[in-house]
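Please examine the sequence and the structure shown below.

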Amino acid sequence: MDIKQIQDLIRFVSKSGVNEVSIEQKDFKITIKTNETQPQVIHASIPAQTAPAALPAAPVAVAAAPVTPAAPAAPDTSKYLTIKSPMIGTFYRSSSPDKPLFVNVGDEIKAGSVVCIIEAMKLFNEIESEVSGRIVKVLVDNSSPVEYDQPLFLVEPV
């Protein structure tokens with residue numbers, strides 16, 4: 001399996017409501033367990049291609065979502081308001097790929113402004129802001145699965 005297939009499998013497991021999936025092939029084994037926040041890969045191992053002795057393969061860490069490098073010191077986000085997901089689904093920043101994004105970093109929004117769409121069971125739900133302010137950070141990648149109450153945007157009140 002390549003990383004794209006693993007990511008597709010993780011998305012499928014998170015949408016299906018299954019708690020655990022294990023796949024075992026002759027040279028590959030993966031177990032995916034879900035929890036309330038996001039699915040995570042618990043164990044994935046690939047044995048060495050030409051190992052002369054039968055040594056156990058070292059586990060290989062596989063990221064469940066794109067990983068961004070951690071900053072040495074986390075910025076203080078306590079002064080910001082958070083727009084959270086009201087449901088489980090897939091997060092989209094625009095109504096279609098050829099349409100402009102609902103909001104960008106630096107945009108001023110008002111309560112009731114549409115900030116994104118969350119697709120759940122083939123229904124596209126417009127998510128409106130409950131706060132007014134300026135978008136400081138988008139916390140979710142486009143077309144990513146989101147959980148209930150997951151932070152989506154940081155907003156600086158004005």
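The model is predicted. D149 lies in the loop between β10 and β11 (151–156).

**Positive phi angles**
- Most residues other than glycine have a negative phi.
- D149, which is not a glycine, has a positive phi near 70 degrees.
- M121 is likewise not a glycine, and its phi is positive at about 55 degrees.
- M121 is found in the loop between β7 and β8.
- M121 counts as exposed because its relative accessibility is 78%, and exposed means over 50%.

**A buried loop residue**
- S85 is placed in the loop between β4 (81–84) and β5.
- S85 is buried because its relative accessible area is 1%, and buried means under 20%.
- Leaving aside residues up to four places away in sequence, S85 touches I118, V146, E147, Y148, D149, Q150 and L152.

**The sheet**
- Four strands form an open sheet in the order β8-β7-β5-β10, and their pairing is antiparallel.
- β8 (123–128) and β10 (144–146) are the edge strands, each of which pairs on one side only.
- On average, neighbouring strands of this sheet are turned by 40 degrees against each other, with direction ignored.
- Strand β5 (residues 89–92) runs antiparallel to strand β7 (residues 114–120), and three bridges join them.
- Y92 stands opposite I117 in β7.
- Strands of a sheet pair through backbone hydrogen bonds, either parallel or antiparallel.

How values were computed
Residues are numbered from 1 along each chain as its sequence is written. This is a predicted model: local features need pLDDT of at least 70, side-chain atom pairs count only at pLDDT 80 or more; totals for chains, interfaces and linings use all residues. Side-chain values use heavy atoms; hydrogens and water are left out. Two strands pair if DSSP finds at least two bridges between them. Helices (H or I, at least four residues) and strands (E, at least two) are DSSP runs, numbered from the N terminus. Axes are lines fitted to C-alpha atoms, for helices over the stretch in contact, and angles run from 0 to 180 degrees between N-to-C directions. Buried means under 20% relative accessible area, exposed over 50%, partly exposed in between (1.4 Å probe, protein chains only). Contact means heavy atoms within 4.5 Å.
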